[in-house]
Amino acid sequence: MMDIAQQLREQAKKLLEEKKVDLVIGFGEGTELARTTPVFVNNPEDVAVLTWNPFCANNLVKYLTDYSHEPGKVAVVVKGCDSRAVNRLIADNQIKKEKVVVIGVTCPGQLDWQKVAAKISPGVRLKEVTDNGDSFTVKTDAGEYKFDKKDYMLRRCLVCENPNPVVADVLLGKEQPVKNYEERFAEVKALEQLSTEEKSAYWDKQFSRCLRCYACRNVCTVCTCRECVFDQMKPMWVSKRNNLSENTAFHLIRAFHVAGRCVDCGECDRICPVDIPLRKLNQKILKDLGDLFDAPTPGSRPDLVSPLGEFTTGDPEEFM
């Protein structure tokens, strides 16, 4: 994986030197081994800050909309799950493909930094990561650590659909097999088995912990409204008061707002500071769209339209 990091730096340097892009958005080392941070490189001499390893969790596609009206082109580093968001933003006319150079990296999965941080002392330096198939070996200046993927990967990676980017102008890394460690909708199906009262109690418990920090909205690649309904003052559809009723309204409105466009990158789940399992809401809608319309995950193909944004005369509706 260190080799991929070097290839990434070389590709970024080439793109910047040849003036094919004005900016490269990628991953850089964070303040501790198990974290990485988004970095923005516009000078070929600075590409050494770019890195790649199993801690590059962020979906960087979110930043593309910030540059959609800027002159020049932007390169962005994507994993398979992130790449679906590129297709979705193009389909939503939020970005133009000719403005973006997609640097795709094949991904064998991402480690959950919180679980890894609990095993590795803070302050150690990452030296090398080896993918052993069902585990990663992380070599540091304080020794080696082995992490079984099924126990230490992010939950979204356990049911990954696209370990290889679905769109890429530059592709790095060898092709990865689709390898699911769990049934994709197992958690949703378990919730579906609960009674109405039990489901309500489950989500009340989750939403009562919400801080209304809006991190889930801010990190979402398909939340692109110029004025968010939750920021509107006149009319104020949802109060900013932090209580169960308003929190529930916030999360349910947001889930329906991205229905048919959510690319299931799991960033809302990962970013929540109080660990509300928000991805389950979106996965329930994805599952229902699959059952009702045989709809693939949004963004899986460049030509894929939203299942809730089109109709055919063959739809089983009486008014058609």
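This is a predicted model: local features need pLDDT of at least 70, side-chain atom pairs count only at pLDDT 80 or more; totals for chains, interfaces and linings use all residues.
Where does D275 lie? In this model, D275 lies in the loop between α10 and α11, where helices (H or I, at least four residues) and strands (E, at least two) are DSSP runs, numbered from the N terminus. Residues are numbered from 1 along each chain as its sequence is written, and side-chain values use heavy atoms, with hydrogens and water left out.

Let me stay with the backbone for a moment. Most residues other than glycine have a negative phi, and most peptide bonds are trans. D275, however, has a positive phi of about 60 degrees although it is not a glycine, and with a relative accessible area of 48% it counts as partly exposed, given that buried means under 20%, exposed over 50% and partly exposed in between, with a 1.4 Å probe and protein chains only. K19, in the loop between α1 (2-17) and β1 (23-29), is not a glycine either and has a positive phi of about 60 degrees; K19 is exposed, at 70% relative accessible area. The peptide bond from K234 to P235 is cis, with omega near -5 degrees, and P235 is found in the loop between α8 (215-219) and α9 (244-257).

On a 1 Å grid over the protein atoms alone, a cavity is a set of points where a 1.4 Å probe fits but cannot get out, and a pocket is an open set with protein on both sides within 12 Å along at least five of seven lines; lining residues have an atom within 4 Å of a point. A volume is the space filled by probe spheres set on the points, which are joined across faces, edges and corners.

The largest pocket holds about 720 Å³ of space, and of its 31 lining residues, D112, Q114, L154, D269 and R270 lie nearest its centre. Elements that give two or more residues to this lining include α10 (267-271) and α11.

The structure also holds 6 cavities of 30 Å³ or more. The largest cavity has a volume of about 110 Å³, and among its 15 lining residues C220, C262, V263, C265 and C268 lie nearest the centre. The second largest cavity has a volume of about 80 Å³, and of the 14 residues that line it, C210, C213, C216, C272 and P273 are the closest to its centre.
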